[in-house]
Amino acid sequence: MKHAYVFPGQGSQFSGMGKNLYDTNPIAKELFEQANEILGFRISDIMFSGSDEDLKQTSVTQPAVFLHSVVAYKTLDGAKPDMVAGHSLGEFSALVANNTLSFEDALKLVAVRATAMQKACELNPSTMAAVLALADDKVEEICGKIHVETEEIVVPANYNCPGQLVISGSIKGIEMACEMMKAAGAKRALVLPVGGAFHSPLMMPAKEELAAAINATAFNIPSCPVYQNVVAKAVTDAEAIKHNLIAQLTGAVKWTQSVQAMIADGATQFTEVGPGKVLQGLVQKINKEMVVSGIS
């Protein structure tokens, strides 16, 4: 019986996030103020009272979700994870929770990642779409067929849970894929309101920038395994963690497979730490016997 701690990614932000922690916990307040100083702007003000539009900017969203998650984790009493994982951006929060990265270093990397991804989005207008109730292999087949026949980029990006897969790519490629997915029997194929094609080859310009920052950062020996998105298995080697964190920017988030691997390795309880309840829902869809809870 093992306890897994999981951390959400972009999309779980909301206005007012983290304010209760700031107002009631001196450790939280100190961490928020430290983050404001590191980032060079008062992200706490945007988190606590900014509009949904303010929070949607990738350069704000990513540090905000990371900050809320890590502050919530660091103000827990006696948290001792047996394993950790994070969905996309959440992997950085997970690496703070298992002591691979310091809070300061992880926040700096998240800021670099967010800015680099924002730039990549502006360079190549692109998008993502959610595909519901279509087999993974059929989604993969259609993406491959579009690329071969048209050279448009369309790839599976997030394996969220059985029957829910997000694809990523060029605007034209995603539009074509949505039509073909629906024709193949998908219940829905819906373009998402995102800034660009995350977890696809279109993020390659951001990958180079992030790689330089990651390779210049100290990674420690983790206190427990992290189940990383791109490999969907336990990783404890610091160099391998770096490699996988870089690869994640253009590779798929294998969340279904990661949760299944954690369960196979003994996880019976999952606690989501950070804003929202998305991961709790996904874990239960992957395996309804799991005990899930959330801390925000």
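**Pocket and cysteines in a predicted model**

Reader: Which residues lie nearest the centre of the largest pocket?
Author: This is a predicted model, where local features need pLDDT of at least 70, side-chain atom pairs count only at pLDDT 80 or more, and totals for chains, interfaces and linings use all residues. Residues are numbered from 1 along each chain as its sequence is written, and side-chain values use heavy atoms, without hydrogens and water. The lining of the largest pocket has 36 residues, and nearest its centre lie Gln10, Gly11, Ser12, Leu192 and Val194.

Reader: Which helix gives the most to the lining of the largest pocket?
Author: Helices H5 (58-74), H7 (103-123) and H13 (278-286) are among the elements that each supply at least two residues. Helices here are DSSP runs of H or I, at least four residues, numbered from the N terminus. The most comes, with 4 residues, from H7.

Reader: How many charged residues does the lining of the largest pocket have?
Author: Asp, Glu, Lys and Arg count as charged. The lining has 16 nonpolar and 17 polar residues, and its charged residues number 3.

Reader: How many disulfides does the count come to?
Author: A disulfide is a pair of cysteine sulfur atoms within 2.5 Å. The closest cysteine sulfur to that of Cys143 is in Cys178, 9.7 Å away, so the two are too far apart for a bond. Cys178 is likewise in no disulfide. The count is 0.

Reader: Is Cys178 buried or exposed?
Author: Buried means under 20% relative accessible area, exposed over 50%, partly exposed in between (1.4 Å probe, protein chains only). Cys143 has 2% relative accessibility and counts as buried. Cys178 has 5%, so Cys178 counts as buried.

Conventions. On a 1 Å grid over the protein atoms alone, a cavity is a set of points where a 1.4 Å probe fits but cannot get out, and a pocket is an open set with protein on both sides within 12 Å along at least five of seven lines; lining residues have an atom within 4 Å of a point.
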